[in-house]
Each structure stands twice: as structure tokens, then as C-alpha cells.
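These are my notebook entries on a structure that was new to me. I set down what I looked up, entry by entry.

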Amino acid sequence: MKYRTKSFDPIGIVVFLAIMGILILLVVSIISNVINTSNKIDEGVIVDKNYSASYVLYTYSDSKNTTIRIPYTVLESYSFTIRGEKNGESVEYTFSVTEDEYPQYNIGDYYKRYGNWKIKAAAGLFFKRTQAGNILEVIPDGVMCWVRCWDLAASEKTEKGDSAYTAGVLVGKRKNGRYIVADVINRQMSAADVRSTIKLTAQSDKAKYKRVRVHLPQDPGQAGKEQAESYIKFLSRFDVVARLESGSKQSRAEPMAAQWQAGNFDILHGDWNEEYLTQLENFPDGKFKDMVDASANAFSEIEISAKVTYYKYSSKTLAYRSSK
């Protein structure tokens, strides 16, 4: 009996190994893509915009070995960093966008990747009432500094009730690093009533909490500067500052929102609680944003105030020095 020996087929083996190699690469690519995209998000609030440009000088030699230099070519890139939720957690992701898209969006806008329309940030993305710390019945011990910040509107309520509000939010920072919103004033008033309310509130705050910094917004231009100087003279007996605002309301709210979402804000119980929490939750889609803006600016100012050590060197004058 004759036995047929199986001939060696090198081409078949090479093809088999090539197919196996391709399959292995495909599996590795899929696994790598899953790992790399596990934290990617396609929509969320824009928290940063980045533009970069590189300049390249192309050189080559022609048929006569003459070096040809092409002028600098600009290679531009545009990108957004957005913050959204992935599997219940806050995630940030940076990706490239087109040159046309880049100027259409600002920090604080809501961006949907692969979409062809611009939509606003969803309500509740910045503040949720469930993220607040505790509702306190009394002011806690250990409050290092207080700031009452005002968001001004010099128009009375119209028949439609659509004029802006003047909001004054009192925020304190405690030694343990927690914050407390102790009082909120939110009214539609005339310009004269606004000035009167700010002064009476400053007197009340000083009597109750001792040292309270009054923060006022300063509008750009000469008119804004003159208004700020007028308020500072009007409140000469108090610690008062006026600061220019920059960026969108959303971008100014982000630092406070980060602490709010971490549960580091407590609220003093008061009849203003519901209106205040509702406006925070509706931000930035809500019609009114006065209390949110005042709160965000108070938080920023309180971070400045917390780094200052006050000392009294006469019965009428307060000076300060930076703490180290």
C-alpha cells in the first residue's frame, strides 16, 4: 500500500498567517478604540476654545538642482473642549472643529458634535438643587469672610413684568472650605430705590455680620466708570469694590458651579430659597439670570477676600495685607 505525503504549501501558510495577523490587528484596534473612546462625549458645554497655527517653509530642487523655496504656509487648527456626562460622571473631551464652526460658538455655549445647528446649554447642567449641601437654620461658626454681590437693573416692573431684577446675594466662606448662601434680595426697582436698597442692606449686613465686602459690577466705558465711582463714594463707610465683568454669564458661573456640584454650598433657610434654587436650576435657559450672576461674582470675589487678612489700626479705618 502506498501512502501519499502531504506536500508543503508555503503560499498557503503565508496567506493563513497574513489573515490571522489582520484579524489580530483588527481585534487590537477595536479594543484600543473602546478604551480610548470610553470617556469621549459628543455633546456638552464648551469650556475651552483653542486656536493654533504653525508655519512651514517648503523647499525642493528642480531639474537643474536649483533649490526652490515656497513662502511660509500656515497650517491652522481649531478645537473645542466640551464638558458633558458619560455613564453618570462629568467628562471633558477635546476635538477638532472646522474653521467655520470655531467663531460661531463661545465658551458656555452648548455644542452637539456632528450636528449642523447651534443650541443652548441645557437647564440643570450647571446647578441642581439636589447637589446643594444642607439647608441650615442658623449661621454656622467659622465664617472667615462675607461678600454681598449685586447685579444691578435700574428699571421698574412693567405691565408685562419683563424688566430685569436687581439681585443682591450674600455669600460666606467658612474655615472648613465650605460656602454658605445666607441671604438673597431680588426685586424690580427704580434706580433711586436700587441705590437706597444697597446702602440699607450694607448697613444691615455690617450690623449683623460685622465685615462684609460689597461687590458692584462696573459696566465698560466712561459711563460705567462714573457710575462705579459714584457708588463707591455713596458707600464710603463700607468695604466696597467695583469690578469689570468679562466673559459670558456661563463662563463666570463655572467656578461656582464646580463647588456647587461637589456639594460644598449650604443655604440658610429663608423665604427666598425656592425662587433662588429655581433660577439656579433653570440657568442658563431661564428668562432671568440676576441671582445666578450675583452669586457667581460673589464667589469669585470671596476667593479674593479669603486671601486677605484684615486688621483695625484705628477706630474708623480698616487696612489690609495679603496673607501668606
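**Entry on lysine 225.** I looked up lysine 225 and found that its place is in helix H3. The model I am reading is a predicted one. With a relative accessible area of 40%, lysine 225 is partly exposed, because that value falls between the 20% limit for buried and the 50% limit for exposed. Setting aside neighbours within four places in sequence, I noted Gln218 and Asp219 as the contacts of lysine 225. I also looked up its C-alpha distance to leucine 244, which lies 19 residues away along the chain, and read 9.2 Å.

**Entry on H2 and H3.** I next asked at what angle helix H2 and helix H3 pack. H2 covers residues 191-209 and H3 covers residues 221-234; the angle is about 40°, and the axes are 11 Å apart. H2 is therefore oblique to H3. The crossing in which H2 passes H3 is right-handed. From H2, the residues that make the contact are Val194, Arg195, Ile198 and Lys199, and from H3 they are Ser230, Tyr231 and Phe234. Sorted by class, I recorded four nonpolar residues, one polar residue and two charged residues in this contact.

**Entry on threonine 201.** I stayed with helix H2, where threonine 201 lies. Is threonine 201 buried or exposed? Its relative accessible area is 10%, so it counts as buried, the limit being under 20%. Residues up to four places away in sequence not being counted, threonine 201 touches Arg148, Trp150 and Ile185. For arginine 148, which is 53 residues from threonine 201 along the chain, I noted a C-alpha separation of 9.0 Å.

**Entry on lysine 210.** Lysine 210 belongs to the loop between H2 and strand S9, the strand of residues 212-218. I noted a positive phi of about 70° for lysine 210, although this residue is not a glycine. Lysine 210 counts as exposed because its relative accessibility is 60%, and the limit for exposed is over 50%.

**Entry on serine 246.** I then turned to the loop between strand S10 (240-244) and helix H4 (249-261), in which serine 246 has its place. The relative accessible area of serine 246 is 57%, so this residue is exposed. Proline 220 is 26 residues from serine 246 along the chain, and I read 9.7 Å between their C-alpha atoms.

Which residues of helix H5 are buried? In this helix of residues 273-282, I listed Asn273, Tyr276, Leu277, Gln279 and Leu280. They lie on the same side of H5, because the arc they cover around the axis is only 160°. I then looked up proline 284, which is in the loop between H5 and helix H6 (290-305). The peptide bond leading from phenylalanine 283 to proline 284 is cis, and its omega is near 5°.

**Entry on the whole protein.** Last, I looked up the totals. The protein has six helices and 13 strands as its secondary structure. It consists of 324 residues, and 37% of them count as buried. Among contacts with a separation of 6 or more, I noted that 66% are made by residues 24 or more positions apart.

Notes. Residues numbered from 1 in each chain as written. Predicted model: local features only at pLDDT ≥ 70, side-chain atom pairs only at ≥ 80, totals over all residues. Heavy atoms only, no water. Axes fitted to C-alpha atoms, helices over the stretch in contact; angles between N-to-C directions. Helix = DSSP H or I, 4+ residues; strand = E, 2+ residues; numbered from the N terminus. Parallel < 35°, antiparallel > 145°, perpendicular 65-115°, else oblique. Left-handed = near helix turned anticlockwise from the far one by under 90°. Contact = heavy atoms within 4.5 Å. Nonpolar A, V, L, I, M, F, W, Y, C, P; charged D, E, K, R; others polar. Buried < 20%, exposed > 50% of the residue type's maximum accessible area, 1.4 Å probe, protein only. Arc of directions from axis to C-beta.
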